[in-house]
Amino acid sequence: MKEEKSDKSAKKFGMVIDLDKCTGCGSCMVACMAENNVPFKEDESKKLVSITWMRVYRLTNGKSFPDTEICYLPKPCQHCGGKGEHGHSPCVSVCPATATDYNKETGIVSQIYTRCFGCRYCMAACPYHARYFNWWDPVWPKGMEEYLSPNVSVRMRGVVEKCSFCFHRYQLAKDKAYYEGRSDIGENEYQTACAQACPAGAITFGDLNDSGHAVYELKKNKNAFRLLERLQTNPKIYYLSSRQWIRRAGDNYLKNEK
Amino acid sequence: MDSKIISGELKRCSTWQFALWISAAGAVLLWGVYAMLLCWFKGLNQTNMNDSYGFALWIWADLAIIALGGGAFFTGFLRYIIGKDELKNIVNYAVIIGFICYSSALIILGIDVGQPIRGWFIFWHANVHSMLTEVAFCLTCYLFVLIIEYIPIILENRRIDNIPFFHNLGHNMHSIMAVFAATGVFLSFFHQGSLGGVSGVLFGRPFAYREGVLIWPWTFFLFTWSAAACGPCFTILITKITEKITGKRLVKDNVIELLAKISGWMIGTYIIAKIIDTVYWIKVTLPATGFGLMDFYSNNPFYGIWILVLEIVICGILPALILISEKGRKNRYGLIIAAILAVLGVCINRWVLVLQVMAAPVLTFETWQMYFPSWQEIATTILPLAYGIIIISFSYRYLPVFPQEKELNPWTINGGK
């Protein structure tokens, strides 16, 4: 795995997802939708027009019974740092209206809903299909408006949205720390909804630059890999798997390549 | 009824015939406008686009019609900057076609964005690193240049020209047209190029991504080149269609042949550059990302290697050879076939660099996605065609678009179509 360069003074929030632990239960997806006011429709069977900031894929090794193996792979936005960690993410660099931004203090790729005018160039640029377009205005079942989170704005028709690493939680944790006279926040003070909801403890979230955070060591595991590393998108989601075919499924290889 | 405003002594069809013709085009236009309003008021759920196809038919149409409208800047460049004087007989029409193409592209872009009312954000919150920003600025500026180039043609209308102010204005604008032509060439170089850059910079999409010089991927230069090469073929094609419909010869053969010859050499050199680019992409760029050529041309119901052969050989090398050869371009059918192939070739190039990019999977556990546009997308894409027919019809009827028309059709004065 290529070593990425980084500014050690800045935070670089990321995730390590242990695929050996993931059962594919979908709790992370549900938690994400509830936390971030992600809209849904009556019929959610058409996955290409439904919004799932966190989406669990089902992978198989392609072999027939009894050698069939299954793996569930949760895929949020990869919060790519781009070549050299300059924030030259595939999406950030192309947005014509600066509606998506790379935060150099946190490494989080944000989406400014009120500035997005829906050209969808970022979606065309993202190889992970981590960006979703609001093809409809959100309609909540009667009474459900009461359950919406006041910390996350609801998006209107015609704009793009995606996983924010629950950035509002980071802001709340920062506010609390400031109020208590602290300059920094602890590892457990800022956790994403999906990481907290995973019953198998497959998702670990933290600062990839901070040696005190669990992800710092986990990402160095020999079984760690990232999706499509060869494209030099430099994602911040690491996956762990003890199975070779899964690690190989993370990237593309030429036919004669080992 | 409108004979007093029809230019010069040239006779045009009767008013009722003209009204019928415009009504037919108008009906198609209204169908497109209805679809456009549906998209604006109900949203882009009226389309068959989805999260895999963020870019689809409309973006292809934009890229294609801007490439085809490239005949305006390149003919202007040849006429005013290089000094090919014969082309004054077709430059008016090239400008009108260019104006139609560029204004249509802006209309389609206005429908294509999810929040059209926020369209101005592209200028206000401009991200200078985005190719689309460059496209928006240059495209808008160039449309103004085309309007400025169109105005003197309008001022030549018989009735308007009788007013001394407009007569002098038109005359003075003609005398400084080289400045606008040069401006148009400069702007076109950048927006045609940046449209190529739109796909070329997508380093997350190996099918589209190209290396290049400084911030510009090779597609930047290839798009400008191909627009300059194939745009004139579109101008020739539309001129020939206009001649067929009106039943008159409007431009002398030597003018068409000169433009065809230059276009042939441009297509020839472009296609050599395109082949070099493709070979480098296959041998160097693609393998570095773990992909092989056939990963993008197999395991799907539509995109086979045939599309690459069609674009480069049938619609690239073949029209170049026909137009470069004197015999080929002087042959009536040879000229038309070559022009059609060149136009088709540039449209296929834009298609694959938009639609095939979206269709091909990058993650190993995703599959090819196919797409067919909704009727609303088709109607709004046909809209510019109807709009173009109307603009051309009015221009042909009321403006002296073709300086050689009178000389070529002396028998139709006071009695023709």
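Me: How many residues does helix α10 of chain B have, and what distance does α10(B) reach from its first C-alpha to its last?
Reply: In this predicted model, helix α10 of chain B runs over residues 218-246. At 1.5 Å a residue a span of 42 Å is expected, and the computed reach is close to that. The helix therefore has 29 residues and, from first C-alpha to last, reaches 42 Å.

Me: At which residue does α10(B) bend?
Reply: The bend in α10(B) is about 25 degrees, and a proline, Pro232(B), follows within four residues of it. Past the end of the helix, Gly247(B) takes a positive phi of about 75 degrees. The residue at which α10(B) bends is Ala228(B).

Me: Where does helix α11 of chain B bend?
Reply: Helix α11 of chain B covers residues 253-288, and its 36 residues reach 50 Å, close to the 52 Å expected. Gly290(B), which follows α11(B), has a positive phi near 90 degrees. The bend in α11(B) is about 45 degrees, and its place is Trp281(B).

Me: Which helix gives the most to the side of chain B that touches chain A?
Reply: Between the chains, 40 residues of chain B are in contact with 43 residues of chain A. On the chain B side, α5, α6 and α11 each supply at least two residues, and by class that side has 19 nonpolar, 18 polar and three charged residues. The helix that gives the most, with four residues, is α6(B).

Me: Which residue of β10(A) is the bridge partner of Asp18(A)?
Reply: Strand β1 of chain A pairs with β10(A) in the parallel sense over four bridges, whereas β9 of chain A pairs with β10(A) in the antiparallel sense over two bridges. In β10(A), Ile237(A) and Tyr239(A) point one way and Tyr238(A) and Leu240(A) the other, and all are buried. Phe225(A) has Tyr239(A) as its bridge partner, while the partner of Asp18(A) is Leu240(A).

Me: Over which residues of chain A does pLDDT stay under 50?
Reply: Chain A has a mean pLDDT of 94, and 97% of its residues reach 70 or more. Where pLDDT is low, the predicted coordinates should not be read in detail. The stretch of chain A under 50, for which the model has twelve contacts beyond four places in sequence, is residues 1-6.

Note on methods:
Residues numbered from 1 in each chain as written. Chains lettered and ligands numbered in written order. Predicted model: local features only at pLDDT ≥ 70, side-chain atom pairs only at ≥ 80, totals over all residues. Bend = angle between axes of the 7 residues up to and from the residue. Contact = placed C-beta atoms within 7 Å. Nonpolar A, V, L, I, M, F, W, Y, C, P; charged D, E, K, R; others polar. pLDDT = per-residue confidence, 0-100. Buried ≥ 20, exposed ≤ 12 C-beta atoms within 10 Å, placed from the backbone. Pairing = 2+ DSSP bridges.
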